[in-house]
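The stops below go from one selection to the next.

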Amino acid sequence: MIARFLTALLLAVLLTAPAQAADRGRRLVLVTLDGLHWTELFRGADPERAADPAAVAADQRQAIRRAFVEPADRARALMPFLNEVVAREGVLIGDRDHGSCAAVGNAMWFSYPGYNEILTGKPDPAIKSNTHGPNANVSFLAWLNRQPGFAGRVEAVGSWRTFRDILGAPGSGLPVNAGWEDAPTRTPAEAAIARLQAGSARIWPEVRLDTFTQAYALELLKRRKPRVLYVAYGETDDFAHEGRYDQVLWAAQRADRFVGELWKALQADPAYAGRTTLIVTTDHGRGTNGKQAWRHHGKPFAESDQVWIGALGPDVAKGAQPEGCASSSQIAATGLAALGVDWRAFDPAAGTPLDILKPRKP
Ligand SMILES: [Zn+2]
């Protein structure tokens, strides 16, 4: 009797083992915050700018001072998840006050060239405008979406509708949900998000509010469980262009909370816990030459090529800092390496993986 039970048990284990093994692979969540300068991340709110009536609305000044200027640790007050959890348990690169450095490799210092570099592993000098149209370059996400074990399991959600061009969708076959026009309703929760999105004020026609991007991302993780998810928030850049430093600060704090929510959801889900790498970065910095330069970026705005990169997960070497200046062009290979995928098979000319991953058995 016991022998027969053990045989049945063994059979059950043998039959279910391959299915589980097939799903034991590493997973990746890549997140970008548009145009958030490293000084906000590592120093917190700029006290002078936060007190400037030209940059902060009168009815916001007191709340901004209390929330972001008065706390002893301004960086933690603004972005606690990145500064406490990612920096301590993983890696946070780009704090130039402490000898860490990250920069884009492209010569444009604005969004489309920046995202193209992050997602394809190298700058493309032919991309000179945000209205470049469909990207001829293949992102590592679209490439992965055709590889065994990843096909049909890669998704992208973004606030800026131009991600539909940057990621080459729909030609690439990669599902992209970006901008106000994209409002999938495949589940009851998605239908609820779509309804709220349709009823929301549209401050910018091409950039939906990050809260909708976040809601769709969380629902994707819950229902579709992609192996690779890209989440792209946008508000930090658009409020800066408008000169609303108060709104930039609230948006940065929300985005930090959103990333923390993603991480919490990943840790609570057996499909992701303990085998998911989180990479967080930005597509460009902001200008530092002149009092108003923080609002803008691009070649005329000094130092807007300066970025930051964070990583967290079981393969990330805690506290590692790569030698020299890290480049946005290294993010694609870093993500692929964290997944255990040969990045050279994607593109041997892509930037090499950042030296922040633990050595791994082949
Ligand atoms: Zn911008």
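## Starting on strand β8

Select I279 and then A311: A311, in β8, is the bridge partner of I279. This is a predicted model.

Now show the side chains of β8 (residues 309-312). I309 and A311 point one way from the strand, G310 and L312 point the other way, and all are buried.

## The whole sheet

Colour the strands in the order β2-β8-β7-β1-β6-β4-β5; they form an open sheet of seven strands with mixed pairing. At the edges are β2 and β5 (176-178), each of which pairs on one side only. From one strand to the next the twist averages 10 degrees.

Then select α13, which lies across β1 (27-33), β6 (228-233) and β7 and runs at about 170 degrees to β1.

## Strand β4

Move to β4 (residues 154-158), where five of the five residues are buried. V154, A156 and G158 point one way from β4, while E155 and V157 point the other way. On the β6 side, five bridges join β4 to β6, and the two strands run parallel. Pick V154 to find one of the pairs: its bridge partner in β6 is V228. β4 also pairs with β5 in the parallel sense, over three bridges. To see that pairing, pick G158, whose bridge partner in β5 is A178.

## The nonpolar core

Which residues touch the most other members of the largest nonpolar core? They are L141 and L167, in a core of 106 residues. The largest share of this core, twelve residues, comes from α13. Centre the view on L141 and leave out residues up to four places away in sequence: L141 then touches L119, V154, A156, L167, L174, V228 and Y230. V154 and A156 belong to the set of β4 residues that point one way from the strand. In soluble globular proteins, nonpolar side chains tend to be buried together.

## Helix α13 against α11

Select α11 (residues 210-223) together with α13 (residues 245-267). Their axes come within 11 Å and cross at roughly 5 degrees. Angles under 35 degrees count as roughly parallel, so α11 is roughly parallel to α13. On the α11 side, the contact is made by D210, Q214, A217, L218 and L221; on the α13 side, by R254, A255, F258, E261, L262 and A265. Colour these residues by class to see seven nonpolar, one polar and three charged residues.

## Last stop: helix α6

Select α6 (residues 80-89) and show F81, L82, N83, V86 and A87, which are buried. What do the buried residues of α6 pack against? Their partners are α2 (38-43), α5 (74-78), β2, α13, β7 and β8. That brings the view back to β8, the strand where I279 has its bridge partner A311.

Note on methods: Residues numbered from 1 in each chain as written. Predicted model: local features only at pLDDT ≥ 70, side-chain atom pairs only at ≥ 80, totals over all residues. Axes fitted to C-alpha atoms, helices over the stretch in contact; angles between N-to-C directions. Helix = DSSP H or I, 4+ residues; strand = E, 2+ residues; numbered from the N terminus. Parallel < 35°, antiparallel > 145°, perpendicular 65-115°, else oblique. Contact = placed C-beta atoms within 7 Å. Nonpolar A, V, L, I, M, F, W, Y, C, P; charged D, E, K, R; others polar. Buried ≥ 20, exposed ≤ 12 C-beta atoms within 10 Å, placed from the backbone. Pairing = 2+ DSSP bridges. Core = buried A, V, L, I, M, F, W, Y, C linked by C-beta atoms within 7 Å.
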